[in-house]
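Please look over the sequence and the structure below before reading on.

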Amino acid sequence: MQIHRDKFQDFDHSPDCQLYGRKVDPSNGIEEYLLIAPLDLVKIKQSDNSAIFLPNFKIPQNQVSVLTTGGGNVGVIREFDWSLINPNGKPVVYIQPHKNFPLHKISDVTQDKDSQPNVSVGESIILEFDGSQIKGTVKTAQPEKQAFGDFSSIVEVFQVKFEQHLYTSHHGSRVIISSSKKSLGMLIATQNQSDGTSLANVLPAHLI
């Protein structure tokens, strides 16, 4: 599902990205679902035809709306732990879903944290994007540390390659291991190549 952050104070809306999934959050003493999206939702603003990284953009809890591309109410941004003080937090955003949001349409990724995905170099993967599938292969069998965002931050990612160009609107998509149908993780960064392919970084599912 394609989403974006609504306009906030003097900041324009974020570029479109994908809703990754939902997971159970027991932090309030009760089990409730939170929605998960990539960091693009809070750290990127749309400016004319370009996207700008916001290194120290602060968002108050439970006040900034997240919408679908059609203007539907997804919920409000609940939390994220990425900042100049903590640049090694998880590059993900947690959303408190609106009471009328159809949670049943979103993949439950709660159990993905139980174990690291087991893959080998060259293994086939699939990116799920708005009902379509984009094929790719694994380039690193173990998560490796890579620069992210403003390049002063480091995250652990699987490096992969897809058969076509990808864009920021693909960020947040689930990447699935073809053989096991298990989740490899969330697409968080892409770099298009001159041969029509795209190199990409995937945040491992067990770290989300």
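Of the contacts in the chain with a separation of 6 or more, 58% are between residues 24 or more positions apart; contact means heavy atoms within 4.5 Å. The model is predicted, so to read it note that local features need pLDDT of at least 70 and side-chain atom pairs count only at pLDDT 80 or more, while totals for chains, interfaces and linings use all residues. Residues are numbered from 1 along each chain as its sequence is written, and side-chain values use heavy atoms, with hydrogens and water left out.

The chain has 208 residues, and 46% of them count as buried. Buried means under 20% relative accessible area, exposed means over 50%, and partly exposed lies in between, with a 1.4 Å probe and protein chains only. The secondary structure comes to one helix and 16 strands. Helices (H or I, at least four residues) and strands (E, at least two) are DSSP runs, numbered from the N terminus.

Seven of the strands make an open sheet with antiparallel pairing, in the order E2-E1-E7-E8-E9-E4-E3. Two strands pair if DSSP finds at least two bridges between them. At the edges are strand E2 (17-18) and strand E3 (21-25), each of which pairs on one side only. Strand E1 (residues 2-5) is joined to E2 by two bridges in the antiparallel sense, and Gln2 stands opposite Gln18 in E2.

His4 also belongs to strand E1. Is His4 buried or exposed? With a relative accessible area of 12%, His4 is buried. Residues that His4 touches, not counting those up to four places away in sequence, include His13, Asp16, Leu41, Val66 and Thr69. His4 and Leu41 are 37 residues apart in sequence, yet their C-alpha atoms are 6.2 Å apart in space.

Next comes strand E16. Why is strand E16 (residues 198-204) largely enclosed by the rest of the structure? Six of its seven residues are buried, so strand E16 is largely enclosed. E16 pairs with E13 in the antiparallel sense over five bridges, and Asn201 in E16 is the bridge partner of Gln159. Seven bridges join E16 to E15, again running antiparallel, and here Gln191 stands opposite Leu199. E15 and E16 form a hairpin with five residues between them, where Gly196 in the turn has a positive phi of about 90°.

On a 1 Å grid over the protein atoms alone, a pocket is an open set of points where a 1.4 Å probe fits, with protein on both sides within 12 Å along at least five of seven lines; lining residues have an atom within 4 Å of a point. The space in the second largest pocket is about 230 Å³, a volume being the space filled by probe spheres set on the points.
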